[in-house]
Amino acid sequence: MRKIILFLFCIYSLFFVLGSTLAPIMAHYHQYNFSGFLSSLYIHACHQQPDRSFWFFGYPVALCCRCYGFYLGTFFSSIVAFLNKLKLSFKMVIGLFLLTLVDIVLNFIFNINTGNYIRFFIGLIMGLLFIFILCCLLKFLKERLNNAH
């Protein structure tokens with residue numbers, strides 16, 4: 001069951017990464033209807049502010065840098081977890097969590113712009129932490145179910 005869930009998250013996040021990357025490429029090749037359609041798919045998942053997005057071929061990616069990093073991090077982390085290679089120490093998880101917390105506080109509380117590359121990097125970390133926590137939760141549930149029998 002764990003591998004199925006990880007596979008589904010891998011496919012789900014790949015949909016976001018590929019579709020949002022394809023949107024500016026399609027716009028570059030004057031396929032504006034398809035580009036607009038792709039961008040509209042993600043309108044409820046991300047604010048899509050152009051100044052907070054990477055630009056490819058003169059057009060913004062259909063996700064902001066943080067969301068793009070999150071889905072890319074989720075994609076790669078789910079592959080690593082699927083292969084049973086996702087191993088993080090408690091100190092590493094706490095350190096990564098604190099790093100993301102600092103960025104979020106700087107952005108949302110103090111209104112300090114940390115820049116798109118940092119947002120992307122923090123998104124990657126958030127994707128990694130999301131899959132790591134999901135794996136821990138699935139392991140916990142499996143142990144609980146095994147002990148219940």
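These notebook entries record what I looked up on backbone angles and nonpolar cores.

**Basis.** The model is predicted, so I note that local features need pLDDT of at least 70 and side-chain atom pairs pLDDT 80 or more, while totals for chains, interfaces and linings use all residues. Residue numbers start from 1 along each chain as its sequence is written, and side-chain values use heavy atoms, without hydrogens and water.

**Backbone.** Most residues other than glycine have a negative phi. Asn84 has a phi near 60° and is found in the loop between helix H3 (65-82) and helix H4 (90-109). Helices here are DSSP runs of H or I, at least four residues, numbered from the N terminus. With a relative accessible area of 41%, Asn84 is partly exposed (buried is under 20%, exposed over 50%, partly exposed in between; 1.4 Å probe, protein chains only). Asn111 likewise has a positive phi, near 60°. I located Asn111 in the loop between H4 and helix H5 (116-148), and its 66% relative accessibility makes it exposed.

**Cores.** I then asked which residues of the largest nonpolar core touch the most other members. Of its 18 residues, these are Phe54, Leu63, Cys67, Tyr68, Tyr71 and Phe120. Such a core is a set of buried Ala, Val, Leu, Ile, Met, Phe, Trp, Tyr and Cys residues joined through side-chain atoms within 4.5 Å. Helix H1 (2-28) and H3 are the elements that give two or more residues to this core; H3 supplies the largest share, 5 residues.

I listed the contacts (heavy atoms within 4.5 Å) of Phe120: leaving aside residues up to four places away in sequence, Phe120 touches Phe54, Cys65, Arg66, Tyr68, Gly69 and Leu72. Another core, of 14 residues, lies apart from the largest one and includes Leu6, Ala81, Leu128 and Ile131.
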